[in-house]
Amino acid sequence: MNKMTDLKPGEARCPAQSTQDIIARDKIAAPDWVRSESYKYLGSEDINTQRYIDPDYAKAEMERLWTRTWQFACREEHIPEVGDYHVYDVGPYSFIITRVGETDIRAYFNACLHRGTKLRASGTEGRASEFKCSFHGWSWNIDGSNKKVVCPWDFPHVDAARLNLPEARVELLAGFVWINMDKDAPTLGEYLGAEALSHINAWGLENRYIALHVQKPIPANWKLTVEAFQEAYHVIETHPQVAVSNADANSQYDIYGEHVDRFISPLGVLSPHLEGKYNEQDILDQFTVGDAGVLEGNRLMVGDSTARQVMADMFRGMFEKAARADLNSVSDSEILDCFSYTVFPNCFLFPGISLPMVYRFRPDPKDHRSSIYEVMFLRPVPKDGPRPTPAEPIMLTLEQSFKEAEGMDAGFGAILDQDTDNLFLQQEGLEASAKHGLTLGNYQEIRIRHFEKAVDKYMAMPPKKP
Ligand code: FES
Ligand SMILES: [Fe+2]
């Protein structure tokens, strides 16, 4: 009898070694939150295509989903001093994120209370002693209180003492400034749930800084763009060049509450799709002397060890030197593996050391078939130096390759190009399709189902304008 048929839906796994098998053999053992699993079967129904192709659906998301969810607006290091501000936009909404005191950060709705002009242009940042409107000169102090109404005699009906700039809620976590337009939303801690919160805290991302920031428009709905990065199932077809040193079908997927999920994709091991085709030295060579080579010309040998262990040791030495940080207590898995957490709706944290990134996804307010994708590399702050200032975003055009962003590793830029080239085809294919639904794998695509369940939850709510 076929053993597979005895399994309930969601119980089947890739027959190769599991992510936990791989991590259990590491020399420097991983902490509990790496060595745990949290998968849950959430059904097998198709995901209706409408949500990706209907402009009315996108409009409804603006009033139901984006106005109620916690979003990462900027890093604390974007606004280190009192008076520093950073403008964050999502859809039609815009906020001036301002440091009002050492630990007091506010998010003002970016609109004048006279006739509505934006107080600061989108995409700007700087230091302010006041927020003055460029139209008729009404102004506000950085604490949001009104400073001046020009010709107050003409506004006897306006009480300047009560003319504070309206605020979104703000919470700080792991060096990120999070905002939520919904006054009735749960706290960020409740929203993330205790377990996910403990993972995020454990990674110590407050001790990182943005070393590289790249932004690019993507010709696909924002949810398709998110979902392209939620599974390793596509690696063998989309990124065959990395499969030689990358677990893919045996990556691990976890969900935590309603708003957070993750995968762990181990590096330094062969894809189960390629079993028997490469040996340990090939795995090491692919990673260290191939296209994305980190040690061009210096061939490392596996010897009695494994490719994974040699890579972990090499990375540990390399990152300790680069960050002037002591990584002795950090496990091999944290150093080497690709960890990715989604914080619903639009933030991905990749807190691992070898691929330390944050992604942010935002809908294009004028076109439901287009989204804005940002990649930020979050490197450790050197332990004996000042905190570096965050990198300015490099704005790529639709036609440009990620490889063109200065500072981007060419091999990694090529991977991002492969990911995003598919998206244009997927958006058009969904519009051309006679099927009207996406079919998902029960295990490898659980993050997508989990993400869309959260979308469903917010879309079932009534509109809520801030
Ligand atoms: S619109 Fe701002 S002062 Fe008139
Ligand atoms: Fe990918």
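**Notebook: fold and domain arrangement**

I began with the contacts in this predicted model: among those between residues at least 6 apart in sequence, 64% join residues at least 24 apart.

I then looked up the secondary structure and found twelve helices and 20 strands in the protein. Next I checked the radius of gyration, which is 24 Å and thus close to the 23 Å that the globule rule gives for 466 residues; the protein is therefore as compact as a globular protein of that length.

For the extent along the principal axes, I noted that the C-alpha trace spans about 85 × 55 × 40 Å.

I also looked up burial. Of the 466 residues, 40% count as buried.

I turned to the domain division. Domain 1 is made of two segments, 3-53 and 208-459, while domain 2 covers 72-180. I recorded 35 Å between the centres of the two domains, taken over C-alpha atoms.

Which residues of the two domains meet was my next entry. I found ten residues of domain 1 in contact with eight residues of domain 2. On the side of domain 1 that touches domain 2, I noted that strand E12 (208-218) supplies at least two residues, as does strand E17 (357-364). I sorted that side of domain 1 by class: six residues are nonpolar, four are charged and none is polar.

To close, I set two entries together: the domain centres are 35 Å apart, and the contact between the domains involves ten residues from domain 1 and eight from domain 2.

Conventions. Residues are numbered from 1 along each chain as its sequence is written. Chains are lettered from A and ligands numbered from 1 in the order in which they are written. This is a predicted model: local features need pLDDT of at least 70, side-chain atom pairs count only at pLDDT 80 or more; totals for chains, interfaces and linings use all residues. Helices (H or I, at least four residues) and strands (E, at least two) are DSSP runs, numbered from the N terminus. The radius of gyration is taken over C-alpha atoms; the globule rule is 2.2 Å times the number of residues to the power 0.38. A residue is buried if 20 or more other C-beta atoms lie within 10 Å of its own, exposed if 12 or fewer, and partly exposed in between; C-beta atoms are placed from the backbone. Two residues are in contact if their C-beta atoms, placed from the backbone, lie within 7 Å. Domain bounds come from an automatic or database domain assignment. Ala, Val, Leu, Ile, Met, Phe, Trp, Tyr, Cys and Pro count as nonpolar, Asp, Glu, Lys and Arg as charged, and the others, Gly among them, as polar.
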